[in-house]
Number of protein chains: 2
Amino acid sequence: MKKINIKEKFTKFSDQWSPKVIEEMNDYQFKLVKIENEFTWHVHEDTDETFFVIEGTIGIEFEDKIIELDAGEMIVIPRGMKHKPFAKKEAKIMLVEPKGVINTGHIESELTATKNEWV
Amino acid sequence: MKKINIKEKFTKFSDQWSPKVIEEMNDYQFKLVKIENEFTWHVHEDTDETFFVIEGTIGIEFEDKIIELDAGEMIVIPRGMKHKPFAKKEAKIMLVEPKGVINTGHIESELTATKNEWV
């Protein structure tokens with residue numbers, strides 16, 4: 001058990017759209033991601049997914065709307081809801097989701113992060 | 001589904017040591033708490049518990065050490081580990097834990113928050 005400084009962890013990597021695990025709680029993980037430009041449309045059929053914006057501004061496109069989030073804001077995307085995250089400038093976010101969730105849902109693409117990488 | 005501004009939610013209540021639910025993800029909850037002075041020693045036998053410091057500085061006393069956390073820092077306390085949170089000045093924290101967790105563990109006291117209160 002040790003404390004984690006979230007901003008300090010972001011200095012440990014520079015690749016985008018590649019979630020890094022920083023901690024686990026029961027069967028859940030906290031992951032940091034740097035994002036810029038558009039991700040791929042995807043859906044997580046079996047779990048909700050939580051986004052916290054740590055730095056910058058992101059958007060999440062849904063089938064019927066776009067929600068913008070600034071630093072200090074969070075959202076829980078219900079399971080089964082198609083979404084596409086994006087950021088005009090690089091933004092830093094934290095995800096909370098069960099272990100084993102694949103970032104692109106059931107769609108494999110070059111953006112799929114298959115490793116359970118820690119920082 | 002809607003986004004949540006964490007600091008704005010803290011303006012909605014002033015009582016201390018009384019967790020307020022702001023959102024749920026699967027069977028987990030995100031809760032905000034204002035804390036000052038000392039809580040009671042307690043343990044959660046069945047679950048880990050996550051603390052994020054949003055504003056201020058807190059300490060968590062364990063049987064063998066004290067860990068201090070500043071804003072932007074987090075810690076996951078493993079299940080079964082006795083702990084006592086404290087804050088010299090009022091601090092604002094976010095907890096992540098399964099639905100139904102009681103703030104004082106199995107020990108009932110005047111600090112026990114029995115309501116599942118949302119803000």
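**Entry 1: strand pairing in chain B**

I began with S4(B) and its partner, strand S8 (residues 84-98) of chain B. The two pair in the antiparallel sense over 5 bridges. I count strands as paired if DSSP finds at least two bridges between them. Strands (E, at least two residues) and helices (H or I, at least four) are DSSP runs, numbered from the N terminus.

I note that this is a predicted model: local features need pLDDT of at least 70, side-chain atom pairs count only at pLDDT 80 or more, and totals for chains, interfaces and linings use all residues. Residues are numbered from 1 along each chain as its sequence is written, and chains are lettered from A and ligands numbered from 1 in the order in which they are written.

I then looked up Phe51(B). In S8(B), Phe51(B) stands opposite Leu95(B). In S7(B), the bridge partner of Phe51(B) is Ile75(B). S4(B) also pairs with S7(B), in the antiparallel sense, over 4 bridges.

How much of S4(B) is buried? Strand S4 (residues 49-55) of chain B is mostly covered, with 5 of its 7 residues buried. My cut-offs count other C-beta atoms, placed from the backbone, within 10 Å of a residue's own: 20 or more is buried, 12 or fewer is exposed, and in between is partly exposed.

**Entry 2: the contact between the chains**

I followed S7(B) across to chain A. Strand S1 (residues 4-5) of chain A pairs with S7(B) in the antiparallel sense over 2 bridges. Asn5(A) has Glu73(B) as its bridge partner in S7(B).

Next came the whole interface. I found 24 residues of chain B in contact with 24 residues of chain A. Contact means C-beta atoms, placed from the backbone, within 7 Å. Which elements of chain B supply at least two residues each to the side that touches chain A? They are strand S1 (4-5), helix H1 (6-10), strand S2 (20-25), strand S6 (66-70) and strand S7 (73-77). S7(B) gives the most, with 5 residues.

I sorted the residues on this side of chain B: 13 are nonpolar, 5 polar and 6 charged. In this sorting, Ala, Val, Leu, Ile, Met, Phe, Trp, Tyr, Cys and Pro are nonpolar, Asp, Glu, Lys and Arg are charged, and the others, Gly among them, are polar.

The same surface serves both: 100% of the contact residues of chain B recur in chain A.

**Entry 3: chain A as a whole**

I listed 1 helix and 8 strands in chain A. Their order from the N terminus is β-α-β-β-β-β-β-β-β. The C-alpha atoms fill a box of roughly 40 × 30 × 25 Å along the principal axes. Of the 119 residues in chain A, 34% are buried. Among contacts with a separation of 6 or more, 66% join residues 24 or more positions apart.

**Entry 4: Phe86(A)**

I placed Phe86(A) in strand S8 (residues 84-98) of chain A. Is Phe86(A) buried or partly exposed? It counts as partly exposed, because it has 16 C-beta neighbours inside 10 Å. Beyond its neighbours within four places in sequence, Phe86(A) contacts Asn37(A), Glu38(A), Phe39(A), Ile58(A), Gly59(A) and Glu61(A).

Note on methods:
Contact = placed C-beta atoms within 7 Å.
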